[in-house]
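Subject: Structure handover

Dear colleague,

Here is the structure I promised to pass on. My notes on it follow below.

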Amino acid sequence: MNFSKFHPRRRLFLRALAGAGAVLVAGCDKLSKTEWFPKLLGNTEILTRKAQRMVLPRKSMAQEFPESDRSPEFRSNGTAMPNNPQYKALASSGFAAYGLEVGGLVEKPVIFSLEELRALPSRTQITRHDCVEGWSAIGKWKGVPLTAVLAAVRPTAAVRYVVFHCADPMESDGTSPYYESIDMDDAYHPQTILAYELNDKALPIANGAPIRLRVERQLGYKHAKYVMRIELVDSFEKIAGGKGGYWEDQGYEWYAGI
Amino acid sequence: MEQGSNAERAAANTLYYRHTLPVRVMHWINVIALTILLMSGLNIFGAHPALYWGKSSYTGRPPILEIESATDASNKLTGVTRIFGHEFVTTGVLGASKGSDGELMNRAFPSWLTIPDGRWLAMARQWHLFFAWIFVINGLCYVAYSVVSRHLARDLAPTGTELRSIRQSIVDHLHFRHPAGEASKRYNVLQKITYLTVIFVLLPLVILMGLAMSPGADSLWPGWVDIFGGRQSARTIHFIVAWLLVAFVLIHVFEVVITGVWNNLRSMITGRYRVDAEVSK
């Protein structure tokens, strides 16, 4: 094989290859900004959800870890202190006046104080929190299973989703409160809890005090912090951007199992 | 080229049907899917440009790889890459590189290597997961086809004689000597071993490590991820295997180029490969 003179056809090939690469990059960026293409890509979420729901038993359990695997410090991501005067007032008095309103399509709406939530059966679990960004942290959570709360309010047959309304505004002007939603498979999952303790201490504000959702088979943004109100609905289309959550409205998947 | 010499060549050479239509179609689907998976994957990596070994990222041990930006003494943005504690300045490529406006910006991989070009995790994930499905379905079809059509047994499985000639094959490759004539109709032994490794080790591994990062898939058998060192180790393996695949593609394309670009390309497009009657030059 003679390398001294580089074959013009080879050069042409390499140029074509580089050209194709450039066209690909530019094309993909154009497509990302169209309306229809992200919609087409978005169908993947349905496929992924159906595939995971088909393969996984309905009550498949997220891995639980020994104490020794706990991260020395549980990372706080996103909001560390909600920019919300009402929340700050609650926090300053140690959430004594906090009431978790559970309503919507239920037979008996209830407002739970922190004391009442603590009096319900509890579950403690050491689980791994997987952020959509790529990092993981392991923490020990104690809270009330959502099942116990739902049993108290008696959801009607029409209920399909549980929506969590939060205290943290996502815009600097105090608007766009964080919210999330899960379906009934996850709502009735034994590891789905409303956590009030992290690593044997009252849940810190940076990690979502006084109540944060744990929904262990999904990514971190589903685990809503600063939960103020729970609403049972048959559709979340009319809530905020209509996609079922703050990050979902920004283009992230509603089903965050991967 | 003149007509006459073409005719002369045609007499001496024959076009051999080398790649069947399904193999050709699946090869090119794979090219597109893997390219997009790599580039969207690098964009996703940019959302948290650090790799760890273990079950979580916060174990008390530092990351094994970290790409970040810093501002130097003169207040200029610099790119910094840290591998096992060794720090390298990688401004322009890793950590900080120019965006479409020509300004240095904090990003792990340069925009020309990522899909989309800017930092956009939600969109990168959409690209990545869509083409992951295409890649997996295409791969399953390929394996099924290869078994049923005997492509695997006939063309990919090395024979005992071939395995014994492996040393000679390595020497030949290092001298850029390639089989001609009858022998060029078959894959050579190194080629077979490489393809088998990619098809049955690297590609399944990269898929498995992708699934290991899924909190849903992790709940199938709680703890299976720990076989690979934990979720963060799986993420690191996913990243490393992706680059091993890049290395494979670079060598693959190099071999394609030096053994006759157009003949190889034609055989992967129309299926026809020209076999030279004369011995290799």
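Between chain B and chain A there are 24 residue pairs in polar contact, both residues at pLDDT 80 or more; a polar contact is a pair of N or O atoms within 3.5 Å, where within protein one must be able to donate a hydrogen and the other to accept it, and residues adjacent in sequence count only if both atoms are side-chain atoms. On the side of chain B that touches chain A, H3(B) supplies the largest share, 9 residues. The residues of that side divide into 30 nonpolar, 13 polar and 8 charged (Ala, Val, Leu, Ile, Met, Phe, Trp, Tyr, Cys and Pro count as nonpolar, Asp, Glu, Lys and Arg as charged, and the others, Gly among them, as polar).

This is a predicted model, in which local features need pLDDT of at least 70 and side-chain atom pairs count only at pLDDT 80 or more, while totals for chains, interfaces and linings use all residues. Residues are numbered from 1 along each chain as its sequence is written, chains are lettered from A and ligands numbered from 1 in the order in which they are written, and side-chain values use heavy atoms, with hydrogens and water left out.

In total, 51 residues of chain B are in contact (heavy atoms within 4.5 Å) with 59 residues of chain A. The two chains share 4 salt bridges, a salt bridge being a side-chain nitrogen of Lys or Arg within 4 Å of a carboxyl oxygen of Asp or Glu. One of them joins B:Asp218 to A:Arg128, with the closest N and O atoms 2.6 Å apart.

Regards

Methods: Helix = DSSP H or I, 4+ residues; strand = E, 2+ residues; numbered from the N terminus.
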